[in-house]
Amino acid sequence: ATPISVMVAVGRAAQAGILIRNGDALQTAGKLTCVLLDKTGTVTAGKPVVMQVLALSSMDKNTVLQLAASLEAGSEHPLAASILAAAKEHDLALESVSDFTALPGFGVRGVYQNQLLHLGNQALMESAGVQIAEPDVIERLAHAGQTPMLLALGQELIGIIAVADPIKPDSAQAVAKLKALGLHVYMVTGDNVVTAKAIAEQAGITDVYAEVLPSEKADVVKRLQQQGEKVGMVGDGINDAPALAQADVGLAIGVGTDVAIESADVVLLQGSLLKVPEVIGLSKATVNNIK
Ligand code: ADP
Ligand code: MG
């Protein structure tokens, strides 16, 4: 495309809330063969809400929520925010938890009254040597599209907290448009495979990379590129920055984190995924104009 037509398109995009940080991206976007969508905050609203608290030991539900919140006080993860909000709603005071450690892709760990306190996914429980007492309950929650977080004190599973993060109202429409443009749409997430597939299905996505560690998202992009795909990656989080940078076109969505924005070629100011097919359409129109 000529510099002028690119400039015009960049201006038009800006009016639509699409910031093109890299002019080449405007020409590449129309040539993408697939798009990888991060789940949390990209396909979903990214504002998880606690739906259920299950107490599995002699402790009651409020104590489970209280301990979980006390542990999450040190975390910046959206899941932590949901637990802290639920604890606040129930007027639960935070207990003192020391030695907080975030374990990206797994959960969080701390020490409460000289015992290890873990909150996170099944893989975290396995690594902590905790037996999963309620596999059926966990499976059922995940099938409903909720993310079950497991709380263990020492080696004992003491509770399950189920969190829901519904898809954005126009995610399914955006996926349909991307497919109509001939793109293969994938979802990529650190969440468990059952929850991820349930959410993906609601958005009309059939291909899911789940339980992907934050450090592995960029590898998923690379693998698709090695198969000859031109990959667009859409994400909002710190986790997504390396994948955004690796992609042929990286698109940061919503307000996003600063790191995500800096790694992206395109910044979508509004949270709607409909902006992704819009950029691709704009790119095609720009490139066609010059021919
Ligand atoms: P996503 O791709 O949705 O951003 P992450 O890679 O951040 O997912 O996390 C993967 C999984 O690890 C989560 O679904 C959750 O089960 C667990 N996890 C991560 N961080 C936390 C946390 N702060 N509290 C509880 N669980 C967590
Ligand atoms: Mg995210």
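Modeller: Let's start at the meeting place: 12 residues of domain 1 are in contact with 12 residues of domain 2. Two residues are in contact when their C-beta atoms, placed from the backbone, lie within 7 Å. Before we go on, please note that this is a predicted model, in which local features need pLDDT of at least 70 and side-chain atom pairs count only at pLDDT 80 or more, while totals for chains, interfaces and linings use all residues. Residues are numbered from 1 along each chain as its sequence is written, and chains are lettered from A and ligands numbered from 1 in the order in which they are written.

The domain assignment gives domain 1 as 3-45 + 167-290 and domain 2 as 49-164; such bounds come from an automatic or database assignment. The C-alpha centres of the two domains lie 31 Å apart. On the side of domain 1 that touches domain 2, the elements giving two or more residues are α3 (39-43) and α9 (193-203). Here helices (H or I, at least four residues) and strands (E, at least two) are DSSP runs, numbered from the N terminus. Helix α9 gives the most to this side, with five residues. By type, the side divides into five nonpolar, six polar and one charged. In this count Ala, Val, Leu, Ile, Met, Phe, Trp, Tyr, Cys and Pro are nonpolar, Asp, Glu, Lys and Arg are charged, and the others, Gly among them, are polar.

Now to the ligand. Around ligand 1 there are 22 residues, and the closest are Thr40, His77, Gly107, Asn121 and Gly190; a residue is near a molecule if its C-beta atom, placed from the backbone, lies within 6 Å of it. Which domains supply this shell? Domain 1 and domain 2 each give at least three residues. The elements with two or more residues in the shell are α3, α5 (78-89), β5 (107-112), β6 (115-120) and β7 (147-153). Seven shell residues are nonpolar, 12 are polar and three are charged.

Let's follow one of those elements, α5. This helix has 12 residues and reaches 17 Å from its first C-alpha to its last, close to the 16 Å expected at 1.5 Å a residue; the expected span is 1.5 Å times one less than the number of residues. Its buried residues are Leu79, Ala80, Ser82, Ile83, Leu84 and Ala87. A residue is buried if 20 or more other C-beta atoms lie within 10 Å of its own, exposed if 12 or fewer, and partly exposed in between. An α-helix has 3.6 residues a turn, so residues three or four places apart point the same way. The buried residues of α5 pack against β3 (49-55), α4 (61-72), β7 and β8 (156-164). After α5 comes Asp91, whose phi is positive, near 55 degrees.

Gln113 counts as exposed because it has 12 C-beta neighbours inside 10 Å. Gln113 and Leu153 are 40 residues apart in sequence, yet their C-alpha atoms are 9.8 Å apart in space.
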